[in-house]
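Q: Please take a close look at one packing contact in this structure. Then set that part against the rest of the chain.

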Amino acid sequence: MSRTGCCVAVLQTGSRYTRLGVAGELHPRAIMGPLPSDPRLLFLFLRDAFIDTLFTSPSDCIVVVCENLMTPTPTRQLLASTLLRKLGSRSLHFVQSECICALTPCPTIPFRSSAVSVSDALPSPDSLGTEKPTLAVTDKVRLSQLDNLLVVDIGYCESRVLPVCHGYAVTPALETSHIGMKSILRNLRETMESSGEIEGQRAAQSCNGVTTLWEEILSQCCFVQPKEDSGASPPPSAKSTPGQVHWRQARGVPYVQIAVPASVRSAVFEPLFKGDDDAATGSLQRLILDSLLKCPIDLRYSLAQNILLIGGGSNAPGIHWRLSQELTSCCQLTSPMIPNYRPLTSLHWNFPQTHTDTPVHFSGHLMSWVGASLYSTTISTLPADEEDSSEPKPNVVTLQSLDKNGLPDWTKRPIAFTPSMD
């Protein structure tokens with residue numbers, strides 16, 4: 001809350017979850033289902049979410065909308081119209097989830113006069129449940145970020161690979177695949193039902209009102225196994241002893257206990273690496289390599305050194321090691337069914353999440369929201385007549401600009417999300 005009484009809210013939209021919180025905080029205050037497509041239901045959804053979660057009206061808020069590059073235009077227009085026209089929000093700041101997550105991997109966040117470590121801002125075991133950790137909010141905050149980043153978003157409906165250079169999204173190198181967590185969950189459900197371990201009618205019940213039983217099993221029991229034909233030994237973090245486990249539902253009635261076989265636990269993520277056919281079309285490794293081939297040669301090395309996995313699938317244990325194996329193996333293949341990846345053979349694959357000297361303190365599925373939260377601390381909350389309007393703000397939408405200019409178009413006018421360095 002600023003001195004003018006205005007709250008800066010961070011709203012991240014997605015095909016499976018919607019996250020809502022306050023600028024400067026390290027965790028969203030609410031994780032809800034997807035936005036309704038009906039205008040009336042969307043109005044009630046947003047109004048209740050702001051009042052119940054942030055304890056304030058949307059008319060008293062500046063809303064930072066974190067969206068991905070492929071968000072449909074009708075969905076964006078409906079959301080903007082509802083927030084500005086019906087709920088009376090002061091303004092909307094649109095940011096790209098693929099670009100804004102570049103603010104979160106850095107372990108230190110240097111401010112104007114001092115440096116604050118993110119680890120110091122994280123909650124300690126003694127303070128959990130007492131106070132939400134926040135970062136200092138100033139008018140102009142200096143945030144260090146990675147110059148070049150290859151963002152791999154393993155979303156619910158699809159997977160995307162997008163290079164980000166100095167805050168700009170390299171849209172000509174965008175690669176997408178329909179294989180996402182929805183396909184993984186379908187694979188898990190079909191495997192478990194075919195083995196007779198669980199009944200489909202009982203599994204369709206929701207565990208806590210938001211996540212389903214399949215999502216709970218996937219996040220708690222399953223992992224990504226290393227590539228079988230690779231001679232290198234995986235790191236200790238990627239080693240897992242496959243065996244049958246018994247998953248127990250901690251919440252809800254009736255009490256459920258399910259035996260998850262070892263074959264299911266280790267093979268459920270295979271569609272991400274197998275693709276649609278024998279040539280692994282649509283697999284993660286093919287998406288990354290195809291995207292790198294479309295990038296300039298002088299950017300490929302730095303992009304390969306900073307591959308950032310975000311989205312729900314990025315939390316799977318062992319996925320970074322397996323993806324590194326698949327990338328190395330795919331570059332060495334010679335087959336008429338796949339492109340020539342020989343120019344990428346000399347690249348070394350690194351992931352910021354696996355660095356032990358500069359660890360990432362945020363989970364992959366929250367990476368974009370945390371980046372938008374840090375970006376939101378740079379937004380001026382002064383009234384419109386007191387703001388400095390010398391710099392154009394193409395990603396800021398008000399009620400007047402919505403009628404005049406519409407929403408920002410990421411493909412026609414790219415915007416670099418680099419906070420002020422003053």
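A: Helix α5 (residues 181-194) packs against helix α7 (residues 213-221) at an angle of about 95°, and their axes are 10 Å apart. That angle makes α5 roughly perpendicular to α7. Roughly perpendicular covers 65 to 115 degrees; under 35 degrees is roughly parallel, over 145 roughly antiparallel, and the rest oblique. From α5, the contact uses Met-181, Ile-184, Leu-185, Leu-188, Arg-189, Met-192 and Glu-193. From α7, Trp-214, Glu-215, Ile-217 and Leu-218 take part.

Some conventions first. This is a predicted model, in which local features need pLDDT of at least 70 and side-chain atom pairs count only at pLDDT 80 or more, while totals for chains, interfaces and linings use all residues. Residues are numbered from 1 along each chain as its sequence is written, and side-chain values use heavy atoms, leaving out hydrogens and water. Axes are lines fitted to C-alpha atoms, for helices over the stretch in contact, with angles from 0 to 180 degrees between N-to-C directions. Contact means heavy atoms within 4.5 Å. Helices (H or I, at least four residues) and strands (E, at least two) are DSSP runs, numbered from the N terminus.

Now the wider chain. It has 14 helices and 15 strands. Of its 422 residues, 50% are buried. Buried means under 20% relative accessible area, exposed over 50%, and partly exposed in between (1.4 Å probe, protein chains only). Among contacts with a separation of 6 or more, 71% join residues 24 or more positions apart.

Next, the cysteines. Cys-222 is buried because its relative accessibility is 4%. The chain has 0 disulfides, a disulfide being a pair of cysteine sulfur atoms within 2.5 Å. For Cys-222, the nearest cysteine sulfur belongs to Cys-221, 6.2 Å away. Cys-157 is partly exposed, at 37%.

Helix α2 (residues 73-86) has 14 residues, so at 1.5 Å a residue it should span 20 Å; its end C-alpha atoms are 19 Å apart, which agrees. The expected span is 1.5 Å times one less than the number of residues. Its buried residues are Arg-76, Leu-79, Ala-80, Thr-82, Leu-83 and Leu-84. Their cover includes β1 (7-12), α1, β4, β5 (91-96), β15 (396-397) and α14 (399-404). Gly-88 follows α2, with a positive phi near 75°.

Beyond four places in sequence, Leu-46 touches Leu-11, Leu-35, Leu-79, Thr-82, Leu-83 and Leu-87.

Phe-55 sits in the loop between α1 (39-54) and β4 (61-67). Its phi is positive, about 55°, although it is not a glycine. Phe-55 is exposed, at 67%.

In α13 (residues 367-376), 10 of the 10 residues are buried, so the helix is largely enclosed by the rest of the structure. Ser-324 lies in α12 (residues 319-331). Ser-324 counts as buried because its relative accessibility is 17%.
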